[in-house]
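Notebook open, model loaded. I want to look at a sheet, a helix and the cores.

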Amino acid sequence: MNLEFKNITVDMGQRRILDNVSLRVEPGTVTGFIGPNGSGKSTLLKTAYRVQPPTQGAVFAGGKDVASLSSVEAARRIAVMAQEISSDFPLTGREVAMLGRVPHQRGFGADSPRDIEIVETALVEVGAQKFADRTFSSLSGGEKQRILLARVLAQESPVLILDEPTNHADLGFQHELLHLVTARGGTTLAALHDVNLALAYCDRVAVLQAGKLVAHGSATSVLVPDLVDEVLGVESVALDDPRGGHTLSFRRHTHL
Ligand SMILES: Nc1ncnc2c1ncn2[C@@H]1O[C@H](COP(=O)(O)OP(=O)(O)OP(=O)(O)O)[C@@H](O)[C@H]1O
């Protein structure tokens with residue numbers, strides 16, 4: 001399923017947070033959103049999952065304006081792993097993962113054998129079985145993230161939105177997580193700070209700066225030293241990766 005941001009402008013009070021951003025994400029591709037703190041990445045993603053209605057413009061998922069969808073229809077199209085994690089659930093990890101099945105259930109019926117099987121498979125896939133029966137609030141940041149990943153995988157939505165998914169993840173889990181979400185073959189949008197993770201896992205990269213889309217293209221064509229220096233203010237050199245593409249090696253900051 002494709003996702004299209006059409007002329008998205010978001011104003012908050014007197015401030016323009018996003019300025020006429022248009023971007024089409026093709027089905028089955030992985031797009032990384034890169035940009036400095038406060039550049040508008042989360043706000044743009046929020047317009048797609050309807051937490052932030054745009055002041056102007058619209059977001060289309062599979063050709064349908066997301067604003068016109070019921071919440072169940074929206075959740076069947078788009079799954080979200082958001083940045084802020086509320087820990088106040090009086091639920092176990094397994095029960096939080098099961099919330100991913102809610103858009104597929106009718107009324108408040110019991111979980112079907114299929115729902116249970118999908119959630120168990122997701123918990124195994126993300127390596128969360130060992131702590132799935134503990135209360136969610138007692139889990140570490142990384143453990144919570146594994147449960148939330150199981151939840152979005154169990155949701156089986158064609159579009160997956162991840163807002164800084166690697167926040168609490170150790171190095172191994174950062175790669176495991178991005179491998180899991182990209183290998184599922186869906187349409188994936190992820191706000192990332194780590195440029196080398198974007199180079200490793202994203203087909204496309206969109207760069208935001210002060211609410212404007214300043215670059216969009218293949219990850220290797222966009223994430224080059226000049227752009228990274230201009231937008232993120234860090235010098236780097238591109239090193240050929242023998243497995244294809246390149247990585248960026250950052251220099252120690254010398255201006256301080
Ligand atoms: N509810 C809000 N009220 C006022 N300003 C807001 C609100 N939400 C976001 N902003 C502002 O909008 C701008 C963009 O924020 P956003 O969270 O989209 O940036 P970001 O690129 O995701 O940043 P980060 O990398 O720090 O997570 C910031 O200046 C932020 O302070």
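Helices (H or I, at least four residues) and strands (E, at least two) are DSSP runs, numbered from the N terminus. This is a predicted model, where local features need pLDDT of at least 70, side-chain atom pairs count only at pLDDT 80 or more, and totals for chains, interfaces and linings use all residues. Residues are numbered from 1 along each chain as its sequence is written, and side-chain values use heavy atoms, with hydrogens and water left out.

**Helix entry.** I looked up T43 and found T43 in helix α1 (residues 41-48). Is T43 buried or exposed? T43 is buried at 14% relative accessible area (buried means under 20%, exposed over 50%, partly exposed in between; 1.4 Å probe, protein chains only). Leaving out residues up to four places away in sequence, T43 touches V10, M12, I17, L18 and Q52 (contact is heavy atoms within 4.5 Å).

**Sheet entry.** Next I traced an open sheet of 4 strands, ordered β2-β1-β4-β5 with antiparallel pairing; strands pair if DSSP finds at least two bridges between them. β2 (15-25) and β5 (64-65) are the edge strands, each pairing on one side only. Strand β1 (residues 3-12) is joined to β2 by 7 bridges, and E4 stands opposite R24 in β2.

**Core entry.** I then checked the largest nonpolar core, which has 50 residues; I147 and L149 are among those touching the most other members. A nonpolar core is a set of buried Ala, Val, Leu, Ile, Met, Phe, Trp, Tyr and Cys residues joined through side-chain atoms within 4.5 Å. Helix α5 (residues 141-155) gives this core its largest share, 7 residues. A second, separate core of 27 residues includes I17 and I78.
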